[in-house]
Amino acid sequence: METEIAWRFFNKFSYDRFSLAYMGRFDDELTAALMRTNEMSVQEPQMLKKRLSFLIAECFQNIIRHEDKPEIITRTNNKPKVFLIRNIGSKHYIASSNLVTNTKKEELASKLKAINTLSEEMLKSMYMEAFENNEISDKGGAGLGLLEMARKTGSPLEYAFEFVNYFFSIFYFQICLESRKNEENESADSKEIIHIVETKELYNLMLSESVQIIRKGDFSQESILPLINLIEGNLKLQTNFSGSKKKTMYMLVELLQNLSKHAVKVNGEREGIFMISIKNNKYVLTAGNYINTNDVESLRKKLENIRDLDKNELMGIYKETLKKEPGINGNAGIGLIELCKYSSEKIRFNFKPVSEIMSFFSLSITV
Amino acid sequence: MENYLKLKGTEDTPEILFNKELNEFSITGKSLPEDAFVFYRPVIEWLTEYIKQPNSKSELKIALEYFNSSSVKQLLSIILLFEEIFKKDNEAKIIWCYSEGDDLMEIKGLEFESMMNIPFEFKILS
């Protein structure tokens with residue numbers, strides 16, 4: 001169930017200040033939208049932010065340009081690309097996965113292995129050499145991409161391959177940009193360390209649960225606007241979208257703004273998780289956040305009351321509630337009613353006690 | 001009261017152009033403010049003054065790409081104010097505009113129309 005999966009991912013990302021996982025349609029235009037989503041959430045000095053934006057764009061465009069596509073997609077080789085950004089403490093991770101032919105795999109592996117052995121000075125001179133010799137492949141990027149990433153992060157490039165079939169393997173790639181370098185004898189906070197094996201796990205979980213987008217972090221209004229744009233851009237790319245794109249956007253905005261309003265503030269941030277997955281060829285939007293355990297019962301009652309109403313009854317309650325005076329925050333109170341109205345299947349919700357005072361609430365609607 | 005109210009559109013709030021002299025009243029763009037009540041308060045205040053001495057014919061043009069549920073309540077309040085004008089035997093109407101294929105905006109317009117007693121005109125923008 002999506003509401004359970006949201007909790008699983010929320011847990012996996014529990015130390016993340018911000019995480020974004022994207023397995024949707026890919027396009028260069030989306031790079032800008034992706035970068036904005038990140039920019040809003042990153043609280044680092046300007047130089048680091050710029051570097052991070054550059055690396056994100058570079059990584060994202062790499063998987064668009066250099067992936068190998070099977071001529072015929074089968075169940076075995078149906079491995080969509082994924083793109084991941086995670087911020088834990090002082091570390092910013094960017095990871096990706098895409099298919100590569102097994103012949104390319106060897107070349108790639110040796111290139112990466114070699115780059116990882118180079119010192120900072122050697123990286124610089126190799127970079128200048130490649131640049132001067134105009135080593136431009138027909139796919140552009142000058143073959144400098146990997147060198148550049150190694151230089152800009154000052155960390156080894158992590159990678160792994162997963163066999164798919166005779167022709168293809170999945171290529172996992174991960175880089176880490178740190179806002180402050182640890183001293184040699186300072187032990188890194190283990191919570192902040194993610195190895196590529198964890199990225200593989202995330203990928204496989206997303207794949208098995210048909211999850212397209214996950215965002216975990218702060219859900220204040222400024223943070224959700226770029227996310228809304230990202231998803232709107234993604235929707236525009238879909239040509240065979242059966243449902244109503246507008247209704248999807250309406251429900252999306254509703255869900256996200258609900259998170260904005262009701263997620264308990266933890267360290268000054270309205271922390272939550274948002275997920276889009278696919279079930280029976282329909283999009284399922286799921287939102288999860290902490291709420292005070294004291295508020296669980298009243299919310300549960302409210303939801304149970306409207307969940308089972310039919311469309312006519314919902315319209316009746318909608319009109320009735322609209323005509324009433326606005327509530328304390330000027331809330332019309334119609335948000336949840338609207339979600340029920342437009343959800344093509346009954347809404348699903350779940351409450352999970354986390355501590356004595358907090359519970360995790362998740363809500364799924366179907367487009 | 002100023003003879004006009006002009007609010008520039010932003011990423012999450014619509015453009016508001018209300019001008020008594022030019023007899024233009026329009027709400028255009030996107031409406032998804034965090035607090036719709038706060039955003040629309042000056043709009044409602046201006047209109048509340050306006051309806052005390054309305055023009056002989058007042059048409060409110062609403063052309064929104066989308067709006068959130070908290071905007072719905074505020075829009076209803078605004079349409080109710082125009083309904084007041086209509087009830088007092090002045091001419092008033094709502095022009096509800098939406099893009100071709102935008103079934104959500106069409107439905108929202110029809111919902112409002114069914115709840116109100118003021119004439120609605122639907123206009124499809126190509």
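This is a predicted model: local features need pLDDT of at least 70, side-chain atom pairs count only at pLDDT 80 or more; totals for chains, interfaces and linings use all residues.

Reader: Leaving aside its neighbours within four places in sequence, which residues is P14(B) in contact with?

Author: The buried state of P14(B) goes with a relative accessible area of 0%, and E59(B), 45 residues apart from it in sequence, is 18 Å apart from it in space, C-alpha to C-alpha. Leaving aside neighbours within four places in sequence, the contacts of P14(B) are L7(B), K8(B), G9(B), I27(B), T28(B), K30(B), S31(B), F39(B), Y40(B) and L64(B).

Reader: How many aromatic pairs are there over all chains?

Author: Rings of Phe, Tyr and Trp pair if their centres lie within 6.5 Å. By this rule, the count over all chains comes to 26 aromatic pairs.

Reader: Is the pair of Y250(A) and F67(B) stacked, tilted or edge-to-face?

Author: Ring planes over 60 degrees apart count as edge-to-face. The ring centres of Y250(A) and F67(B) are 6.5 Å apart and their planes stand at 85 degrees, so the pair is edge-to-face.

Reader: Which elements does this pair join, and are Y250(A) and F67(B) buried or exposed?

Author: The pair crosses between chains, with Y250(A) in helix α9 (residues 245-262) of chain A and F67(B) in strand β4 (residues 57-67) of chain B. Ring pairs also link these two residues with Y342(A), W96(B) and F112(B) into a cluster. As to accessibility, both Y250(A) and F67(B) are buried.

Reader: What kind of pair do the rings of F25(B) and Y50(B) make?

Author: Both F25(B) and Y50(B) are buried. Their ring centres are 4.9 Å apart and their planes are at 50 degrees, so the pair is tilted.

Reader: How many residues apart are F25(B) and Y50(B)?

Author: The pair links distant parts of the chain, since F25(B) belongs to strand β3 (residues 24-31) of chain B and Y50(B) to helix α1 (residues 36-50) of chain B.

Reader: At what distance from the ring centre does K341(A) lie over the face of Y318(A)?

Author: Two lysines of chain A can be taken together here, and K152(A) lies over the face of F54(A), at 4.4 Å from the ring centre. For K341(A) over the face of Y318(A), the distance from the ring centre is 3.4 Å.

Reader: Are α1(A) and α7(A) roughly parallel or roughly antiparallel to each other?

Author: Helix α1 (residues 2-12) of chain A packs with helix α7 (residues 196-208) of chain A at an angle of about 170 degrees, their axes being 12 Å apart. Angles over 145 degrees count as roughly antiparallel. The relation of α1(A) to α7(A) is therefore roughly antiparallel.

Reader: Is F122(B) buried, partly exposed or exposed?

Author: F122(B) lies in strand β6 (residues 120-125) of chain B, and the residues it touches include W96(B), Y98(B) and L110(B). Buried means under 20% relative accessible area and exposed means over 50%. At 28% relative accessibility, F122(B) therefore counts as partly exposed.

Reader: What is phi of N281(A), and where is the place of this residue?

Author: Most residues other than glycine have a negative phi. N281(A) has its place in the loop between β8 and β9 of chain A, and at 72% relative accessibility it counts as exposed. Its phi is a positive value in a residue other than glycine, near 65 degrees.

Terms used: Residues are numbered from 1 along each chain as its sequence is written. Chains are lettered from A and ligands numbered from 1 in the order in which they are written. Side-chain values use heavy atoms; hydrogens and water are left out. Rings of Phe, Tyr and Trp (its six-membered ring) pair if their centres lie within 6.5 Å; planes under 30 degrees apart count as stacked, over 60 as edge-to-face and the rest as tilted. Helices (H or I, at least four residues) and strands (E, at least two) are DSSP runs, numbered from the N terminus. Buried means under 20% relative accessible area, exposed over 50%, partly exposed in between (1.4 Å probe, protein chains only). A charge sits over a ring if NZ of Lys or CZ of Arg is within 6 Å of the ring centre and within 35 degrees of the ring normal. Axes are lines fitted to C-alpha atoms, for helices over the stretch in contact, and angles run from 0 to 180 degrees between N-to-C directions. Angles under 35 degrees count as roughly parallel, over 145 as roughly antiparallel, 65 to 115 as roughly perpendicular and the rest as oblique. Contact means heavy atoms within 4.5 Å.
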